[in-house]
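Here's a quick tour for anyone meeting this protein for the first time. Have a look at the sequence and the model, then read on.

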Amino acid sequence: MQGAYSHVIRNFAARRWAGMNRVFRAGFVALVLLLPLAAAAVETGPALPRFAALRSNEVNLRTGPGKQYPIEWVYRRKGFPVEVVAKFDVWRKVRDWQGTEGWVHQRMIAEARTVIVRGEVRQLHGEPDPSSPVVARAEPGVVARLLECQGAWCRVEVQNVRGWFSRNEIWGVYPDEDVR
């Protein structure tokens, strides 16, 4: 009687194991099929690289993506334009107009667009035309709010003065980017 009983127990255990295997296999297949969809859902937000601006008057630039990494630089200019080139969790790797790169927390990045005047003193024109009247002059390093870009020209605002810079006179917009 003992042998017959153990046979029933073994058959029951084998059937239960086989049933669990089917459930496990079905779950595994579902996981494999749904994983790309879940990954796509996680990858939300603007594409990289992209331009953005610093959200605060004090932003720590770190050597790696985390508070455990040393601070390499401190930006002290709200609205300063940066290029976001990579991301890891809540950290964004940024590059500034001089090529300095490092990691900042995503909370320190604003989606607002700004540009920085580069090179030499630049003329801010009233229209997107080099022969149009000059409404202001801007020193290198002046930060302006980017309003739009049309072809080779970008419209900006600096201290309540609006005008147009040639795209190659500023940093913070891609050569072929359409900004509206």
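In which strand is Glu 83 found? Glu 83 belongs to strand E4, which covers residues 81–88.

Before going further, a word on the ground rules. This is a predicted model, where local features need pLDDT of at least 70, side-chain atom pairs count only at pLDDT 80 or more, and totals for chains, interfaces and linings use all residues. Numbering runs from 1 along each chain as its sequence is written, and side-chain values use heavy atoms, with hydrogens and water left out.

**The whole chain**

The protein chain has one helix and 14 strands; helices (H or I, at least four residues) and strands (E, at least two) are DSSP runs, numbered from the N terminus. Of its 180 residues, 34% count as buried. Here buried means under 20% relative accessible area, exposed over 50%, and partly exposed in between, with a 1.4 Å probe and protein chains only. The chain exposes about 11,600 Å², and carbon and sulfur atoms supply 57% of that; the areas come from the Shrake-Rupley method with a 1.4 Å probe, and for residues only the protein chains shown count as cover. Take the contacts (heavy atoms within 4.5 Å) between residues at least 6 apart in sequence: 53% of them join residues at least 24 apart.

**Back to Glu 83**

Leaving aside neighbours within four places in sequence, Glu 83 is in contact with several residues, including Pro 49, Phe 51, Trp 171 and Tyr 174. Arg 95 is on that list too, and a polar contact of 2.7 Å joins the side chains of Glu 83 and Arg 95. A polar contact is a pair of N or O atoms within 3.5 Å; within protein, one must be able to donate a hydrogen and the other to accept it, and residues adjacent in sequence count only if both atoms are side-chain atoms.

**A loop and a link**

Pro 65 sits in the loop between strand E2 (59–62) and strand E3 (71–75). Not counting residues up to four places away in sequence, Pro 65 touches Phe 88, Trp 91 and Trp 103.

Cys 149 and Cys 154 form a disulfide, with their sulfur atoms 2.1 Å apart; the rule asks for a pair of cysteine sulfur atoms within 2.5 Å. The link is right-handed, with 105 degrees about the S-S bond.

| Residue | Relative accessibility |
|---|---|
| Glu 83 | 8% |
| Cys 149 | 1% |
| Cys 154 | 0% |
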